[in-house]
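Visitor: I am new to reading protein models. Could you walk me through this one, one question at a time?

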Amino acid sequence: MSTDQPHEIAAEPALRAQRVFLGRVDVEDSSAAVARRLRTAIGLGYLGHGDRLPREADLARQLGVTAFSLREALSHLRAEGLILTRAGKHGGSFVQRPTETDSMAGDALMRLSATELRDLGDWRTMLATQAASLAAKRASTSTIPRLASCAQELRHVTSATEARRALGHFHMELAVASQSARLSRAEMRIHEEFDWLLGITLDEKGAREEAARAMDAVIEAVAGERVDDARTTAHDLMDAMISRLARTRMSLLAGQARDGRAASESSLVEELQSFTSAFTDALAELASDVAPALLAGEREVGVRSRTARTVARLVDRLDAALDGVGILTEVGVVPDRPYYMAWWQRDGDGVFALDDHHVLDQTRDDFYNYTALDYFVTPRSEGRPWAMGPYIDVGGVDDYLITISVPIRSDGRFLGIAAADLRVSALEKRLAPWLLAVDGECLLVNAESRVIVSNTVSHHVGDVVRADERGVDADTLDFQWRLVRGAGSSSTSPGPLRGGD
């Protein structure tokens, strides 16, 4: 549904969208909501560079907030360089469109974990598909030309920033056409939180043309009032965009992770073995250092002091993926402390500090019974190192973790474990160059066939590789981890995340 000549998005729908952005703000933290609302309108171009905002009293009334909340929001936007306020007869607050760079989006993209990217992508896809399906039911005839102008604009722009704005206009028009105020507000929020990253996937003309064709398919379904087709085509559009974004993220991580060695100089298997051995060797050292104190029945202060000395050496030696480290003892080993752990956790500044938030009182409802968890049970029952995860540490870092543990033994007695937590996102970053170098799909899975890291957008951390996907080439590693090649290949799979894609 494209035409040969570009043309501007009509002024009338732009004004309609402005009215949506400048509608009432119904949240408790109104100053933050106002700042977010105006920031999104500027990013999408509905408030253009040099545009003068309404007088503060009028704008506060439109937004339904107090003058204080509005002034606080404008202060934040001035600090970000998005608003310039001038005094005098011809003064007021004026929009300043920021200079956007691929490096800014790239840095933000690399800060997202694979899990965060998946969750944001799922939310973004849900909003797009719901808006499209509702638009197919409710859109007026005037909606179709506006949507078509967005696809047309995308074909003729010459920069990634302009392309991202065209895509943003398209989704905003869909949301408005759905005639759902709540959906339109959610669309504003996801643009600021996620959509601005999509610009780095639209830097090339071919990518913009591909996205425009996918937009055409959505427009045709909406115009034909085909609800199911609208939902499907909107899903396909976002799936392709998010897959490209995931490939870009992996390539950026690979470039950042290189330490002077080319991935081809060692295989992924060798790199994984080196990585896991570093952790198990360090934890074996910790276990050896604290075993005499535990066997002798030293009290808590002595055990903690001995553990702290070894931990201080290990945190400088272990990989940056380390998130926590310490010991957890068998029941009754430490006098007067049936359950005992000495644990050091990395804080937001990267410093390891003693962490005592675990509840070890059996009478409490929130008792942390670590002796029932796999990272404790397997070393106790089988006398060998183990790794539990990936799992979401909901009560701690709220991210996917792996806990590696080794038994603490002396004179044939099991005394507890030395353990370390590592973030899956940090492991993925470490392995990115090798994952990209693999020819075809490659997954690292645990003993339960649950994905730890992968080089494919069709398998995410935490997914289970089903039985019919296991008849593939695999290497068995420590902790019964397996490196699976060719898992889940199909004609509809987005495929491996190759650096040149």
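**A tour in questions**

Guide: This is a predicted model.

Visitor: Which residues line the second largest cavity?

Guide: The second largest cavity holds about 30 Å³ of space. The structure has two cavities of 30 Å³ or more. The lining consists of Leu-272, Gln-273, Thr-276, Leu-477, Asp-478 and Trp-481.

Visitor: How many helices and strands does the chain have?

Guide: Start with the chain as a whole. It has 501 residues, and 49% of them count as buried. Among contacts with a separation of 6 or more, 67% link residues 24 or more positions apart. The secondary structure comes to 15 helices and 12 strands.

Visitor: Which residues have the most contacts inside the largest nonpolar core?

Guide: The largest nonpolar core has 57 residues. Its largest share, 12 residues, comes from helix α12, residues 268-295. A second, separate core has 49 residues, including Ala-105 and Val-457. Inside the largest core, the residues with the most contacts are Leu-268, Ile-402 and Ile-408.

Visitor: Which tryptophan is in contact with Ile-402?

Guide: Leave aside the neighbours of Ile-402 within four places in sequence. Its contacts then include Met-388, Pro-390, Leu-422 and Ile-452. The tryptophan among its contacts is Trp-481.

Visitor: Are the residues of strand β9 buried or exposed?

Guide: In a regular strand the side chains alternate between the two faces of the sheet. In β9, residues 442-445, Cys-442 and Leu-444 point one way. Leu-443 and Val-445 point the other way. On both sides, these residues of β9 are buried.

Visitor: What is the bridge partner of Cys-442 in β12?

Guide: β9 and β12, residues 482-485, run antiparallel. Four bridges join these two strands. In β12, the partner of Cys-442 is Arg-485.

Visitor: Which residue in the hairpin of β9 and β10 takes a positive phi?

Guide: β9 also pairs with β10, residues 451-454, in the antiparallel sense over three bridges. Leu-444 stands opposite Val-453 of β10. Five residues lie between the strands of this hairpin. With phi near 65 degrees, the residue is Ser-449.

Visitor: Where does Asp-411 lie, and is Asp-411 buried or exposed?

Guide: Most residues other than glycine have a negative phi, and most peptide bonds are trans. Asp-411 is not a glycine, yet its phi is positive, about 55 degrees. Asp-411 lies in the loop between β7 and β8. Its relative accessible area is 71%, over the 50% cut-off, so Asp-411 is exposed.

Visitor: What is omega for the cis peptide bond of Gly-389 and Pro-390?

Guide: Pro-390 is found in strand β6, residues 386-392. A cis peptide bond joins Gly-389 to Pro-390. Its omega is about 15 degrees.

Visitor: How far apart in space are Pro-338 and Asp-361?

Guide: Pro-338 is in the loop between β3 and β4. Pro-338 is in contact with Glu-330, Val-331, Gly-332 and Gln-362, leaving aside neighbours within four places in sequence. Along the sequence, Pro-338 and Asp-361 are 23 residues apart. From C-alpha to C-alpha, the distance is 8.8 Å.

Visitor: Which residues lie nearest the centre of the largest pocket?

Guide: The largest pocket has a volume of about 630 Å³. Elements that give two or more residues to its lining include α5, α11 and β3. The pocket is lined by 31 residues. Those nearest its centre are Arg-111, Asp-399, Arg-423, Ser-425 and Ala-426.

Visitor: How many charged residues are in the lining of the largest pocket?

Guide: Sort the lining by class. There are 11 nonpolar residues and six polar ones. The number of charged residues is 14.

Notes
Residues numbered from 1 in each chain as written. Predicted model: local features only at pLDDT ≥ 70, side-chain atom pairs only at ≥ 80, totals over all residues. Heavy atoms only, no water. Buried < 20%, exposed > 50% of the residue type's maximum accessible area, 1.4 Å probe, protein only. Pairing = 2+ DSSP bridges. Core = buried A, V, L, I, M, F, W, Y, C linked by side-chain atoms within 4.5 Å. Contact = heavy atoms within 4.5 Å. 1 Å grid on protein atoms, 1.4 Å probe; cavity = no way out; pocket = protein on both sides within 12 Å on 5 of 7 lines; lining within 4 Å. Points joined across faces, edges and corners; volume = space filled by probe spheres on them. Nonpolar A, V, L, I, M, F, W, Y, C, P; charged D, E, K, R; others polar.
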